[in-house]
Amino acid sequence: MRQSQAEQERRQLLASYLDHCSEDDLIEEVLLPLFRQLGYHRITAAGHKDKALEYGKDIWMRYTLPTQHVLYFGLQAKKGKLDASGVTKAGNANMAEIHNQALMMQAHEIFDPETNRRVLVDHAFIVAGGEITKAARNWLGNALDATKRSQIMFMDRDDILNLYVVTSLPLPEGALPAPPPNPWSRSDEPPF
């Protein structure tokens with residue numbers, strides 16, 4: 001797929017933003033608007049201020065199929081790269097931690113106030129603002145049993161960038177370049 005110059009610029013601006021944003025910014029400024037645009041609803045962020053009630057989910061959300069059946073999704077987001085390396089480098093998440101959070105996400109019920117029911121997530125997204133290596137995907141797949149493995153979906157930096165370009169979603173404010181100075185702005189200083 002060939003991208004236009006404008007799409008390439010948007011992609012580069014968002015990639016630069018993902019390099020320096022916090023995990024909370026990734027969730028609030030990038031993922032929440034993206035999933036809303038993709039048709040998910042009742043998107044609820046657990047937030048990092050109260051991690052005690054997170055139970056492995058940074059976000060939970062619903063998606064209604066054309067048949068009116070509802071699927072529930074949990075999402076665990078990490079800012080950097082996910083790798084299965086034995087040594088955790090700065091900025092990389094430990095896959096054992098991701099494994100524990102995925103198990104918690106799949107086992108802990110969420111309360112949906114619109115249906116007044118407690119439900120389990122049907123699928124879990126593991127999202128990274130960086131790369132999710134093939135080794136990390138394989139490690140997590142091998143650590144989970146077959147039924148839980150089929151519930152896990154991965155979304156990494158390239159997926160986020162591609163979805164932002166395809167959906168024409170506005171970039172987060174922090175990703176936009178600074179506006180050029182206005183030469184006509186009034187100033188009390190003399191012009192010389």
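Begin by selecting Ser168, which lies in the segment after helix 6 (157-167), where helices (H or I, at least four residues) and strands (E, at least two) are DSSP runs numbered from the N terminus. Ser168 has a positive phi of about 55 degrees although it is not a glycine, and with a relative accessible area of 56% Ser168 is exposed, the classes being buried under 20% relative accessible area, exposed over 50% and partly exposed in between (1.4 Å probe, protein chains only).

This is a predicted model, in which local features need pLDDT of at least 70 and side-chain atom pairs count only at pLDDT 80 or more, while totals for chains, interfaces and linings use all residues. Residues are numbered from 1 along each chain as its sequence is written, and side-chain values use heavy atoms, with hydrogens and water left out.

Now select strand 1 (residues 41-45) together with strand 2 (residues 59-64), which run antiparallel and are joined by three bridges; two strands pair if DSSP finds at least two bridges between them. His41 has Arg62 of strand 2 as its bridge partner.

Strands 2 and 3 form a hairpin with five residues between them, and Gln68 in the turn has a positive phi of about 75 degrees.

Finish on helix 3 (residues 95-107), where the buried residues include Met95, Ile98 and His99.
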